[in-house]
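Hi there,

Here is the structure we talked about, with the sequence alongside. Have a look at it first, and then read my notes below.

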Amino acid sequence: MSKLIREALIYMGYRKKINELDKEIYNEIVEILNDIKKTANISYITKDFDIENKNECINLLNSNVKFDSKNLSKLLKDSKKITVAAVTLGIQLDKKIKKFTYTDMSKAVIYDACASAIIEEKCDELENMIINNFPEHFLTNRFSPGYGDLELNNQKKIINLLQTEKKIGLTLTSGNLMIPQKSVTFIVGITEVEKCTSKNKCDRCNAKCEFRVKTRK
Amino acid sequence: MKDILKKIKYEYTFFDGAMGTFLQKTGLKDGEAPEELNIINKELIEEIHLKYLNAGCDILTTNTFGANRLKMTEAKLDVEIVITEAVNCAKNAIKTHNNGDKYIALDLGPIGQLVEPVGNLKFDDAYEIYKEQILIGEKAGCDLLLFETQLDIYELKAGILAAKENTDLPIFCTMTFDDSGRTVTGTDVESMVTFLNDFGVDVIGLNCSFGPNEMVPLIKEVLKYSKLPVMVQPNAGLPKIQKSITVYDFRADEFVDIMEEMTDMGVRILGGCCGTDDEYILKLVERIKNKKIKEIKVNSKTVISSNSQTVVIGEDIKVIGERLNPTGKKRLKHALKTGDIDYVLKEGIKQVDQRADILDINVGLPELNEPEVMVKVIKEVQSILSVPLQIDSANVEALEKGARYYNGKALINSVNGKEESLNEILPIAKKYGCCVLGLTLDDTGIPKEAKKRYEIAKKIVDRAVEIGIPKENVLIDCLVLTASAQQKEVNETLKAVKLVKENLGVKTVLGVSNVSFGLPNRDLINRTFLAMAINSGLDAPIMNPGSDSMMSIVDAANVLLANDVNSEKYIELYSNIKITDNVQNKNSDIINKNDDGNKDDLREMILKGLQNEVVDLTIELLKEKDPLEIINNEIIPALDIAGERYEKQEIFLPQLIKSAETVNKAFDILKTRILESSDETIDKGTIVLATVKNDIHDIGKNIVKVIVQSYGYNVVDLGKDVDPKKVVEAMIENDIKIVGLSALMTTTVKTMEDTIKLIKKNIPDATILVGGAVLNKEYSDMIGATYYCRSAKDTVEKVKKFYI
């Protein structure tokens with residue numbers, strides 16, 4: 001739980017130690033994390049693909065999908081297989097957060113941050129499940145449309161490929177944003193080469209973002 | 001002549017099984033549009049149809065699941081060609097088969113984008129998308145429409161309207177549910193059936209979902225509530241991944257066993273979904289075809305719904321919240337006039353928290369475009385609340401538009417005994433499958449005697465039934481007159497309720513609070529009348545759920561009339577409440593005291609974020625001070641302290657927001673007070689806020705809004721996904737030169753730039769503030785904003801500067 005709380009606090013812009021946190025807010029966060037876990041309709045779907053990686057393009061075999069991306073191509077340089085995944089916390093949570101923006105904005109903000117923390121945790125769990133499917137293999141970092149040079153409109157391909165609308169109720173808007181809002185899609189490479197992946201997820205990303213956590217050296 | 005609707009009345013009818021399962025087996029790749037095969041591999045599609053015909057199915061489903069404008073554009077295909085060829089494939093197969101009456105169902109899957117307010121697809125666009133498919137399908141020669149695997153009942157409503165308004169083809173609808181017993185957008189079986197029952201479709205049911213076993217309890221529920229023939233198309237078991245291919249774990253015999261169980265329950269129309277093939281259908285037809293049809297008992301309760309909640313009227317007393325009606329409410333009037341939707345929503349949420357079962361929505365003000373505002377309020381309320389609504393207007397167009405864009409089965413308020421009203425309103429209730437409330441008045445006014453009011457009620461019910469509205473969808477309001485002016489007629493109302501209940505057998509509604517106008521201690525009169533009316537047969541009072549004493553009458557009546565079985569609800573509500581006298585002041589012990597047992601002052605309350613307590617204290621303070629004094633001497637200094645603590649990181653975001661919201665609660669009281677005494681408002685200046693086009697994340701903008709409001713500034717909140725043109729229009733219309741734009745995604749920074757350009761072109765001297773997770777000073781300069789605001793507090797500083 002404490003890792004989740006830490007993560008939620010980062011999203012809320014809290015930079016100090018957890019034990020300095022106002023007790024009331026701490027309890028509220030714990031309560032909200034529990035509520036989301038209990039009431040959200042958390043669902044996911046994954047699918048494995050063999051890939052061909054050439055000319056800075058990832059070609060998913062037995063499908064009509066290609067991802068043009070230098071960054072993704074580099075990430076998958078040692079992978080012959082990938083898993084494509086989608087996770088969502090469901091539409092009811094969106095409705096709940098929206099309702100709180102009218103009655104209790106502070107609660108809405110905490111819900112929003114806690115939901116983001118939970119979906120990250122769910123993605124980590126999913127990674128563990130994926131790795132179990134491939135004994136003696138390793139996973140690359142997760143990669144999503146919108147990272148680096150992989151354009152956001154690639155989201156359409158993933159949504160279509162996994163039939164997320166029908167299977168987990170995940171759809172896109174005309175601007176390629178996901179509904180429900182608390183949703184994540186990602187691609188992860190399966191490799192035989194163990195890579196030194198930093199425990200700090202922020203080291204894997206090059207976005208200039210205010211939530212960035214620095215690794216202590 | 002072949003007539004599918006006649007057929008389903010008398011015998012079991014069989015659809016085909018899956019199309020995709022076959023296509024995957026024959027090499028369709030992931031991500032490819034199966035609809036393309038209608039053009040490039042017709043033989044394959046015809047062959048699959050033929051297999052199903054040989055297996056004995058009656059209805060072929062065209063290979064057009066995703067053949068809508070959005071998906072086909074993506075796949076670079078033409079909707080008209082795809083659908084026409086799909087129908088041709090089915091026709092050719094039927095020709096080849098040449099044995100008996102066979103039908104072609106135009107397959108209509110979900111669009112792929114969600115409709116507003118959940119998504120950003122307009123309801124009218126969803127309508128047009130379906131309309132296009134339906135018209136092409138009809139022209140190509142399909143016999144019926146099959147809306148299937150539908151996930152969102154609101155999108156389905158748009159589709160059904162497109163069907164009903166443009167063709168006479170029979171309409172079959174199935175939705176898919178997940179293991180929580182709801183669709184992914186939150187609709188449960190009862191809400192789905194309630195809505196579809198009277199909406200003019202021919203067959204309803206379930207398809208896909210998870211496994212057939214898990215579908216049995218859901219189909220039982222469909223049958224329990226349905227007035228229509230029921231169909232089912234389950235998957236061939238639960239999906240399992242084997243070597244990255246999806247397989248289903250039911251063999252054909254097991255599948256048919258479950259289907260037989262469902263026919264015994266009353267299902268009439270059968271077919272298969274994912275994983276089923278011609279073997280499943282063959283065995284299904286063999287086993288079921290000659291079985292005797294099981295008749296189902298038709299449900300005739302009076303029930304209304306939203307997309308996810310149903311309310312049955314007539315089983316226990318249901319409360320219709322009356323607060324969203326501007327008559328006599330200055331603050332709500334002001335909110336409606338100024339487009340302050342937040343206040344409206346807060347009033348709605350409050351009533352639901354106070355246990356209103358249904359909310360009345362009335363936006364009748366002469367200066368408003370009533371139909372437009374009605375639709376807006378309904379959509380906004382439904383985006384956060386699940387209670388069904390009563391659409392209340394004297395404006396026919398507002399009622400029609402309200403019923404059209406409402407998500408679910410609404411209650412229309414109202415029709416009356418006048419010819420004009422009967423002719424205009426009843427067809428709306430019929431078309432949209434709503435319930436309708438009839439008022440017992442006609443051209444001669446409200447009759448004094450109960451008997452005459454009963455006669456008008458009878459006329460309304462008869463006329464409704466005549467045009468095809470089921471009697472249970474009509475409710476009657478015998479009209480409450482004020483005891484101060486028409487004392488003798490109060491009892492006539494009660495007599496009329498009794499007559500209507502006993503002789504017409506329809507449910508009754510009364511606007512209870514009217515009775516006490518002009519008398520002191522109104523609540524006493526109201527609650528006494530309420531108890532008397534319930535005893536006369538009132539089913540649903542329209543009242544203020546904020547009145548504890550009236551709500552307690554309802555709770556007690558539900559016990560005494562044996563509606564509240566074993567008094568469970570009553571005990572839950574009242575076992576822990578100490579009765580001191582008649583009125584309970586729930587928080588009296590804890591109010592306004594800090595740790596030392598002393599009263600907090602307003603400043604302290606704001607810093608602590610005590611939102612519940614601040615209201616009482618503000619009312620208290622108003623006895624001694626005027627509103628502006630309170631704002632300048634108490635509120636602003638407190639906010640400054642909170643802001644300072646935030647800057648120093650002594651408190652963080654949720655705490656800062658709590659303080660701001662506490663201030664806004666106090667402001668609400670102050671604003672109401674000012675409105676009551678004059679027509680002025682607290683006005684330090686106004687800012688337009690918007691989350692830019694294509695961006696749907698508006699929590700950041702909402703935080704800014706709360707904080708900016710707490711400093712006394714007004715906000716024109718345009719919401720999220722806002723078109724640049726709308727931003728400019730709002731600024732010009734309200735004569736505002738300062739705007740705050742929010743964007744969360746790198747991709748939407750581009751639309752932010754477009755918005756800024758358009759603002760500058762139209763309003764060269766505008767001050768443009770920008771903020772959002774991906775922005776920084778550098779970006780902000782690059783896209784031409786006036787200021788970058790790194791936080792909500794920072795935004796306030798910029799706004800202050802502007803209005804100095």
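Let me start with the overall layout of chain B. Its domain assignment lists domain 1 (4–288), domain 2 (302–545), domain 3 (602–677) and domain 4 (686–802). Taken over C-alpha atoms, the centres of domain 2 of chain B and domain 4 of chain B are 41 Å apart. Please keep in mind that this is a predicted model.

Next, a residue in the interior of chain B. B:I269 sits in strand β10 (residues 269–270) of chain B. With a relative accessible area of 0%, B:I269 is buried. Leaving aside residues up to four places away in sequence, B:I269 is in contact with B:I8, B:T13, B:F15, B:V203, B:P229, B:V230, B:M231 and B:V232. B:R331 lies 62 residues from B:I269 along the chain, and 54 Å separate the C-alpha atoms of the two.

On the surface of chain B there is something else to look at. B:I39, B:I40 and B:I81 make up a nonpolar patch there, and together they have about 260 Å² of accessible area. One of them, B:I40, belongs to helix α3 (residues 37–40) of chain B. B:I40 counts as exposed because its relative accessibility is 58%, and the cut-off for exposed is over 50%.

B:C89 is buried, at 1% relative accessible area. For B:C435, the closest cysteine sulfur is in B:C434, and at 7.8 Å this is also too far for a bond. B:C435 is buried too, with a relative accessible area of 0%.

Finally, a few words on chain A. Helix α1 of chain A covers residues 2–11, and its buried residues include A:L4, A:I5, A:E7, A:A8, A:L9 and A:I10. What covers them? Among the elements over the buried residues of α1(A) are α2 (23–39) and α5 (105–133) of chain A. After α1(A) comes A:G13, which has a positive phi, near 80°.

Notes. Residues are numbered from 1 along each chain as its sequence is written. Chains are lettered from A and ligands numbered from 1 in the order in which they are written. This is a predicted model: local features need pLDDT of at least 70, side-chain atom pairs count only at pLDDT 80 or more; totals for chains, interfaces and linings use all residues. Side-chain values use heavy atoms; hydrogens and water are left out. Patches are made of residues with over 30% relative accessible area and no salt bridge: like charges are joined within 9 Å, nonpolar side chains (Val, Leu, Ile, Met, Phe, Trp, Tyr) within 5 Å. Accessible areas come from the Shrake-Rupley method with a 1.4 Å probe; for residues, only the protein chains shown count as cover. A salt bridge is a side-chain nitrogen of Lys or Arg within 4 Å of a carboxyl oxygen of Asp or Glu. Helices (H or I, at least four residues) and strands (E, at least two) are DSSP runs, numbered from the N terminus. Buried means under 20% relative accessible area, exposed over 50%, partly exposed in between (1.4 Å probe, protein chains only). A disulfide is a pair of cysteine sulfur atoms within 2.5 Å. Contact means heavy atoms within 4.5 Å. Domain bounds come from an automatic or database domain assignment.
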